[in-house]
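Student: I'm new to this one, so let's go through it together. I'd like to ask how we know each thing we say.

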Amino acid sequence: MTLNESCIGQRYIRPDSISKVTGYAKFTADLLAGRTDVLVAKVRRIDCARARIKSIDTGEAKKVPGVVAVLTAGDLKDGSGYGYILKDKPVLAKDEIICDCDPVAFVAAETEEAAYRAVNLIKVEYDALPFETDPLKNMLPGAEQVRKEYGSHHCGNVSNDVRVAKGGMEEAASKTVIEITADFRTPMVEHTALERDIAFAEPDAVNGGLTFYCPVQNVHGMREGLCEALHLPVSRIRVVSPLVGGGFGGKECSSVDCGVAAGILALCTGRAVVYEMTREEMFRYTSKRHRSYIKYKIGVDTHGCMTGMWSEAIFDKGAYKSVDVIPHRSALLSGGPYVIPAVDVRNRSIYTNHVYGGAFRGLGAPQQYYALECAMDDMARTIGMDPVEFRLKNLIKEGSETIFSQQMSKSDAAGIRECIEKVRQELEWDKPLDCSDPYKKRGRGIACYMYGTGSSFPKDAGHVYLELNLDGSLNVNLAQNEMGQGLITAMSQIAAQAMGVSIEYVNVGISDSMCGPEAGPTSASRATVFQGNAIIAGCRSLKKRILDVAADMLEADAHELTIKNSEIFSEKEPDKKVTLKSAAARARVSQVSLAQVGNWYPPMTEKDPENLNQTTRWTTFAYGAHGVLVEVDTRNGMITVCRSVQATDVGKAINPDTVEGQMDGGAAQAIGWALMEECFLRHGLVKETSLHEYLIPTALDVPSLESIIVESGSESGPFGAKGVGEPTILGGAPAIRNAVLDATGLAMYEIPMTPVRVMEALERAETASAAEKKPFFRVPLQCGLWD
């Protein structure tokens, strides 16, 4: 798409920025200020990974002054469940819980104090049952089935099973001269969004049903997830998402969890109800990044070219399905931006008895790229090749194919190569490091990535409502969220560019299921591309009608007219012009519609008859390289990231400020994931319950982040843009691990690389033989995998 104006690529100030820093921006909890008619909800759960419920006594809870309702499963109409994708969660557990996040009772009271008191007075008698939190054990024959309601026809505890296969592995083996294998492990991680999970449900006295206000990443998806549990058609459920204080994928599911409690109680009492989770509840009961266990086997020929790759990944699903595209996306991206003639990949998610895994920035790709890019470094060092040169040698080229047989374009090949070269240059890759301090070891590391924009499934599409106002301004209504990523700004710039008006004349309405058409979630790095293209398509149709009206007013040929700065004029006779405002007024009295639905669909996914995922999957890809310089203190195991340089091919930066913000945010999250963040389970329950126990990076842990925008363009993105929200987290963790390898000679296979783990690795290396240290020391995982 041709760029012919100045709206695109400009650093416009985000319209929500001043209101946020001054405290005037309204988040969901702020909507309750001054209201005294809203009931407060609390939820009773059992501190047990799995249990059989014997009895629930709510008598004392109901006596608490101010308590309006106390509900258990026996008070509900039937056993209808709820859930974001699959409605597999019980509203209230009746006979058995399969993880500690299963609720057993709801309370609604006039005050928070009364609700707390009542929920703590609910007495639950139960028998603890055997549970399993290890997905590897739950894969074994004879393992007890976590989801017994699926019956014996289900594949044991497998939630999702995805294969990617291409080429001949036997032929690849015949060309292979060196082969490496490695096992990797990544942790369960909490989203730690600043805004706590909350849902405010209010009966709709006019239309019937309920209106929800909550920070959910898919307003239409929440309606569908709740409708059966609430016994309401989706048309009687309205969901409005105000500004969101951080999502990262977590608010695709957790808002639905909050919404079912608030909604059931609102229907029961006929009053507005709010349920806001405490930080402890968020840690214990909301979705997490999946723990993963990943194995890679990679082969190369005499020239250092990759001949084949075998990979298997197991993702710890937890007790409920939630967002379960993780095995699918990670399997497709398991070969990264490299040419690999033969692959055999199998990724599975496995049910276990603990809090469920869901969407988290990257949808499984961070786990997969951590393993792949560490294996790439291991191979490079094994064959004595520079890690950058090894990647460049095996990089995709124009016309080459991914492991899922999608052909690469010229811009694909150019973008990733430029990213690598810029990182190499900025990090001074070939310059010797200062290693004068005998205790502090310094090293550089790099990792690369490619990431598809959108879900890769046929239903993916963009839809918006547009309306030209009589003052010449343009309304844009869409269902996506503003979560701090700069959506409003990007949509405003695209609409201004497409319609020919200044950005001040664009009004963006967001995240209301009644006012914006269904267009999928604000996730998968899809909003800018899908909704941006829908805006362009809608503006194209709207402009055509307006130009026809203006042509009559100017007595000119509509094909010769254009719109710029809200003026319509003839390109042949520039003095012949009329304002967009006057053309809109004429259109209104001429029975010409000022409203338009904008739609955009990516090319339909091709059929895959053998179910081996050999088909075109994504319309465009973002690419990147992330390089770091680290310092490892061998006296205490502390790893300091001294420099972080990330170059990302974004196609075209609609707003460089917001793009750099996404890149900086992704890098900071990657540092936390690599060095400190991990949820531990104790008896099946998440051990960490606050930010005192669960560490995330602070300003002292993050260096000055260097983000380099690369613009290769995109044939299918709006004005050449690509999705950039998620891919920027992908390279940081493996780059840090590879830098630690460069600094110390230690190849670590588990993150986070905490000081304790680093010191244990150093101690193991000290007692290792010379042969075990060549070409580097492989730090064994603490417990055996894949036995």
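Student: Where is P775 found?

Tutor: P775 is in the loop between α18 and β32 (777–778). Those labels are DSSP runs: helices are H or I with at least four residues, strands are E with at least two, and both are numbered from the N terminus. Before we go on, this is a predicted model, in which local features need pLDDT of at least 70 and side-chain atom pairs count only at pLDDT 80 or more, while totals for chains, interfaces and linings use all residues. Residues are numbered from 1 along each chain as its sequence is written, and side-chain values use heavy atoms, leaving out hydrogens and water.

Student: What is omega near for the peptide bond from K774 to P775?

Tutor: Omega is near -10 degrees there, and the bond is cis. Another cis bond joins I751 and P752, with omega about 5 degrees. P752 lies in the loop between β31 (746–747) and α18 (755–767).

Student: Why does S566 count as buried?

Tutor: Buried means under 20% relative accessible area, exposed means over 50%, and partly exposed is in between (1.4 Å probe, protein chains only). S566 has 14% relative accessibility, so S566 counts as buried. S566 lies in the loop between β22 (561–564) and β23 (567–570). S566 also has a positive phi of about 65 degrees, although it is not a glycine.

Student: And what makes N613 buried?

Tutor: N613 has 4% relative accessibility, so N613 counts as buried. N613 is in the loop between β25 and β26 (621–633). Its phi is positive too, about 55 degrees, and N613 is not a glycine.

Student: How do you know that T133 is buried?

Tutor: The relative accessible area of T133 is 19%, so T133 is buried. T133 lies in the loop between β8 (123–128) and α4 (135–138). Contact means heavy atoms within 4.5 Å. Leaving aside neighbours within four places in sequence, T133 is in contact with R291, D316, T352, N353, H354, L681 and G684.

Student: What makes α17 mostly covered?

Tutor: The count does: 11 of its 13 residues are buried. Among them are P734, I736, R737 and L741.

Student: How many Å does α17 reach, and what is expected?

Tutor: The expected span is 1.5 Å times one less than the number of residues. Helix α17 (residues 732–744) has 13 residues and reaches 18 Å from its first C-alpha to its last, close to the expected 18 Å. G745 follows α17, and the phi of G745 is positive, near 80 degrees.

Student: How many bridges join β19 to β25?

Tutor: Six bridges join β19 (residues 462–468) to β25, and these strands run antiparallel. One detail of that pairing is that G462 has W600 of β25 as its bridge partner.

Student: Why is a space called a cavity and not a pocket?

Tutor: On a 1 Å grid over the protein atoms alone, a cavity is a set of points where a 1.4 Å probe fits but cannot get out, whereas a pocket is an open set with protein on both sides within 12 Å along at least five of seven lines. Lining residues have an atom within 4 Å of a point. By this rule there are two cavities of 30 Å³ or more.

Student: Which residues lie nearest the centre of the largest cavity?

Tutor: R45, Y82, C101, P103 and D257 do, out of 17 residues that line the cavity. α7 gives the most to the lining, with three residues.

Conventions:
Two strands pair if DSSP finds at least two bridges between them. Grid points are joined across faces, edges and corners, and a volume is the space filled by probe spheres set on the points.
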